[in-house]
Amino acid sequence: MNEHISMRVNSARLSGIKGRTVRLPCKVLRLSDDIAIVEASDGGQVEIQRKNVDVTATYVEVIGSVVDASTIKAMATLPLDSEGELDMQLVNDVIELTFESRFDKLFPRYKETETSMPTH
Amino acid sequence: MSQLSSGICRRLNEAPQEEIDHLASGHTVQLLSIKKVAPTPSSTTATDRFRIIISDGVHFVQAMLATQLNDLVANGDINKNTVVVIDKLACNFVQDKRLIIILDLHVVSRDEEKIGSPTAPPPTQDAPAPSVVETASSSISAPATSSSTSQAKQPQPQPRTGPSGRGGRSVYPIEGLSPYQNNWTIKARVTQKSDIRTWSNQRGEGKLFNVTLMDESGEIRGTGFNAVVDELYEKFEEGKVYYISKARVNLAKKKFSNLQNDYELSLEKNTEVEECLETTSVPMMKYNFVELSSLEKLERDNTCDVIGVVKEVGPLGEITSKATNRTIPKRDLTIVDMSQFSVRLTLWGKQAEQFAADDLPVVAFKGVKVGDFGGRTLSMVSSSIMTISPDIEEAHLLRGWYDGIGTEKNFQSHTSGSSGASFGGFNRNEMRHLSDVKESQLGMSDKAEFFSTRATIMHIKSESISYPACPTQGCNKKVVDLGSGWRCEKCDKTFERPEYRYIMSMAVADWSGQAWLQGFNEAGLAVFGKTADEERNEAEYNALMAQASGVTFNFSCRAKQDTYNDQTRVRYGISRITSLDYREEAKHLVDLLKSPWAK
């Protein structure tokens, strides 16, 4: 039914959702041609595989698919700079809040990877 | 020459039974005389009994030597003028008289001269002889005075068990004062002394002054009129401790004082005031601090105590009292505390003029009045007390907190700083949404009411957004174009060019509804980012309007009823408008989600 889910995550939440599309708000630490090393809102570092994808700002939101618990293959990026500073603590708080069970109805949830069945 | 424990004789003479046992061990006294007393007829053993007179250099009292110590007399260990240390004594009360018995002692030195000129302990309130021997006395008298005041704390203060007429030094607690007993003495600190005030009304005129007196049990106000002012005003000094007696105890006139006591003292011609040098037991100041964040819970006109860091000191200003047509100096301070709130506090008169602390001091305020001018404000009244950098725990805590992290913090303000007819602090906790504002009919009563809200500008009435105003600072009246200039009626001046100021009606909306708000110059500046003076052609004008629509702001508004051509409507005026700091707002939302309310 709705496979196009992309939740905002931090580095800790990358585990267990291999293959899913996620959004990662992060700060770019190192940039090279194919790879970017970024720091997620919980402080963990993630490797971004970014062939042909531009990274134009210090703070970006990377939209991509999860390769493993510390790597994302980027499909697109959104620049997030707001006067040079982004309060990552605040971002992290919000991310953690969105996963709380009391908000299950508000946010889509990833289905379990193991029991992945086509839904219609 | 040995040092005697002066003051001990008086204590021995006055303290009650249970206390004596704790007293007096380890005190140094001189035996002025030892006399053999005829043994009681019933005693079978022919034991001698010795009556001795012990002196502390200031007073002397009679005592008996316990029989076990008789040997000391017999073999000459103790005799006239011997200085001894009392190791143990007892006190028997026989028929209203007290009998002190020395049970054990040891000799310090003999063959001394008589030390001091001890007199009989005073039956009435004479000036306490300044201690001839100071050093030993302070350590002794401190426990002695505290024990006497603790004794006095019993519900029915013990009348003197000693010979009557010793009403002098028995110290009452202030709490125990009542109009029905007038043979009392209080020992209290002057925490506040007012200026001499003169009055004149139909009944006559005169002068008066007030003092606030405090001891461990409570506080009481004392007032002296006319002749008493001349006598006693100079005697009282703030911060010093006095023995006071023979003042009249009256019912308190609560109108003039905010102290808790039901009674107050009238200082009269025969009131006795003596400075007391033993100040250790009288507390400095009792505070009951309220955190700035909870000031809103207090009603206006209440008094409270607060302590905070003076973050900002306003300039000295003047205000003309409508009642007396006199100008009174005033100064505003902004204080902050660990609850992360700030509030404005007003000083008046001499205090305003003399306030000169520029270095972010911690100041404690006692008995300041709560006002609701623009949220919450505090104001000094005649009985308020301000202490800069007090040596109390809360002050040290505040100092440490502010020096550490306080300077960085943004404080939530109880007041708004902008000019304008009336104020309204932006209070995030009391934010309402627009449908709530309309339904609760804010402003429907004649009084103006305030609220805060966050809304988005939908539309600005573009027919008239500015008007020509008088450029004089503070006067914003519309000026009339005479052709040769622009004239302001209020200032009676004519100007070549007016200053254009914004006046706008805006439709704002939030998720619940829409409302029309009236904004003045500050609002216009915030919305457009430009002054009204700049000339604009039509294209620019439209662009400006478009740019302003769809922007969200926090508004502090004042709702008031207005009658316009027989039509009565509620108008919402903007007293303060601020752009959103998304980070701040988001943080608040997160906090809200984490709060129990959201679970």
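Buried area is the accessible area, taken with a 1.4 Å probe, that two parts lose on being put together, summed over both. The model is predicted, and local features need pLDDT of at least 70, side-chain atom pairs count only at pLDDT 80 or more, and totals for chains, interfaces and linings use all residues. Residues are numbered from 1 along each chain as its sequence is written, chains are lettered from A in the order in which they are written, and side-chain values use heavy atoms, with hydrogens and water left out.

Begin by selecting chain A and chain B together: about 710 Å² is buried between them, 67% of it on carbon and sulfur atoms. Within chain B, select Arg583(B), Val590(B) and Leu593(B), which supply 57% of the area that this chain buries against chain A, more than any other three residues.

Next, display the residues in contact (heavy atoms within 4.5 Å), of which eight come from chain B and seven from chain A.

Then go to Asp93(A) and Lys594(B), which form a salt bridge with their closest N and O atoms 3.4 Å apart; the term requires a side-chain nitrogen of Lys or Arg within 4 Å of a carboxyl oxygen of Asp or Glu. Between the two chains the count is three salt bridges.

Finally, move to Ile385(B), in strand 21 (residues 385–388) of chain B, where strands are DSSP runs (E, at least two residues) numbered from the N terminus. Ile385(B) is buried, with a relative accessible area of 9%, the term meaning under 20% with a 1.4 Å probe, protein chains only. Select Asp305(B) as well: its C-alpha atom is separated from that of Ile385(B) by 9.3 Å, and the two residues are 80 residues apart along the chain.

Technical notes. Helices (H or I, at least four residues) and strands (E, at least two) are DSSP runs, numbered from the N terminus. Buried means under 20% relative accessible area, exposed over 50%, partly exposed in between (1.4 Å probe, protein chains only).
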